[in-house]
Amino acid sequence: MSDEVQTHSPRLTQSPAWQALAAHCQTLRGQHLRQLFADDPKRGERLALEACGFYFDYSKNRVTSETLGLLIALADSCGLRERIDAMFSGHKINATERRAVLHTALRAPRDASVMLDGEDVVPQVHAVLDRMAAFTRQIHEGQWRGYTGEPIRNVVNIGIGGSDLGPVMAFEALRHYSRRDMTFRFVSNVDGTDFAEATRDLNPAQTLFVVCSKSFKTLETLTNARSARAWLLHKLVDERAVAKHFVAVSTHAEGVAEFGIDTDHMFEMWDWAGGRYSMDSAIGLSTMLAIGESNFRAMLDGFRAMDEHFRTAPFARNLPVLMGLIALWNNNFLGAETVAVLPYEQYLKRFPAYLQQLTMESNGKHVTLDGAHVDYATGPIYWGEPGTNGQHSFYQLIHQGTRLVPCDFIGFGQALQPVPAQGGGDQHDLLIANLIAQGEALAFGKTAEEVRAEGTPEALVPHRTFEGNRPSSTLLAERLSPFTLGSLIALYEHSVFVQGVIWDIDSFDQWGVELGKQLAKTTIAELVAKDEPRLAHDSSTNALIRRYRALRDGRSTQAGA
């Protein structure tokens, strides 16, 4: 296959495979999950799959064997197999930036070979991993000390987007495996409160900052890094202290050196791994510092296992492919606009937030690879909270609201923090009982006849009826470990890719984040101008700028003032 990106022909919604799915969807409209399970007593076992440590039950989705066959035919007609091969082979499938998409190389084994423009990138990847591991040992063993000779006890990761969401999610997810004699904080928001609260109780002499910016020009990251520099030097004074308390993850050695960071302490990253796909690169340095080299490499093993499964398994038994196709079915044919990700595991509390960038920055696109406007929905909204918290907030809408919200439930057989429950057993049993019960309730609901049989007054019957037929998938693994976390993240990465291929969009660029940032450069100059600036925006923007300046300066904001 050449590096030229292959686009769909004919137009997706007019293709025979899409039309066949649209016709099939009409035949399913009157069918309820109650009936599908009644007609097929083995459905729950048949529509399930095990791979890479996960058991995936997709039987509570409104699909049949025919649906799955038609979805796979659609994937075949869109060249999914060829696009998978192209991605793993280093072809430049990021069309608008003419870049390869090789985040899978970040977890390739040392003896693998992944060629890009005639060069094997795997040795580069492992050279950086080895440097990260050596640095981690220096910190953990007290060989690396701060400017005053004190050991490092605090690590503050400074980044934004993929340079923050991945590391903070991984730290929270694997906190059970982390060093408890060290403190880890994460700063991303340019709101000064974020930095102030992250550092207010830290000793600068014992604090290391990890500044993550590929270009070392990201405005929010550099703003926070400069604040960190000033905070450090307020206590340590000497400019030479910066080199002992800052390291960088970047490709821009000149900018790193200008900041005062020794370029020997710069950990390289590459433009063929997008920010939201980079948490297993040097962007994960703070993660490795928290959980150690062996746990970090175990996480890479989990990524790698899912990569190989995705690359080699037939589509009918391919976990990321099936997850992606079912998500597409719910979005494009059943009209679901969102997906709720509901981890019944407190350590995964930041996982839905991480997925928001992974999914919506990747597939929130309105044109195809050749620049034509799409005439179908792309990029559903991902959101969620850990169970059982969500059950007492938004589950009401999921069960009885007017919107269809497919749910991904995530649970584990063993608790990392077992807590005995009153009356025997463990609180974890109650947690997973809720997970299983929610999927059952969403699928089957409760009929008016069942409600009446419970003795409910007729006036309350409509209020206590659950229509059910609301789709969900369940992922179960033995326990949350570095391996299973890596496998879980790779599962969603590849599911996003599957959907993007079929929608014929570029899942690896993110031009939509640029315009607001560009306009902010003009606006900041107008906000900080000494004299009243001459404004040439629309009337709303002009008024907001004037109102903010007045509020900041304590001037009257009454109408006409």
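**View A. Tyr354 and Phe351 in helix 15 of the predicted model.** Tyr354 counts as buried because its relative accessibility is 2%, under the 20% cut-off. Phe351, at 0%, counts as buried too. Both residues lie in helix 15, three residues apart, or about one turn of the helix. In an α-helix, residues three or four places apart point the same way. The ring centres of Phe351 and Tyr354 are 6.3 Å apart and the planes meet at 25°, so this pair is stacked.

**View B. The aromatic pair of Trp18 and Tyr376.** The two rings are tilted, with 5.8 Å centre to centre and 45° between the planes. Trp18 belongs to helix 1, while Tyr376 sits in the loop between helix 15 (351-363) and strand 11 (381-383). The pair links distant parts of the chain, 358 residues apart. Both Trp18 and Tyr376 are buried.

**View C. The two faces of helix 1.** Helix 1 (residues 16-28) spans 19 Å from its first C-alpha to its last, close to the expected 18 Å. Its buried residues are Ala17, Trp18, Leu21, His24, Cys25 and Leu28. Exposed Pro16, Gln26 and Thr27 are on the face turned away from the buried side.

**View D. An aromatic cluster, and charges over rings.** Phe195, Phe209, Phe216, Trp231, Phe246 and Phe259 form one cluster. Over the ring of Phe259 sits the charged end of Arg229, 5.6 Å from the ring centre. The charged end of Lys244 sits over the ring of Trp144, 4.5 Å from its centre.

Note on methods: Residues numbered from 1 in each chain as written. Predicted model: local features only at pLDDT ≥ 70, side-chain atom pairs only at ≥ 80, totals over all residues. Heavy atoms only, no water. Helix = DSSP H or I, 4+ residues; strand = E, 2+ residues; numbered from the N terminus. Expected span 1.5 Å × (residues − 1). Buried < 20%, exposed > 50% of the residue type's maximum accessible area, 1.4 Å probe, protein only. Phe/Tyr/Trp six-rings, centres within 6.5 Å; stacked < 30°, edge-to-face > 60°. Lys NZ or Arg CZ within 6 Å of the ring centre and 35° of its normal.
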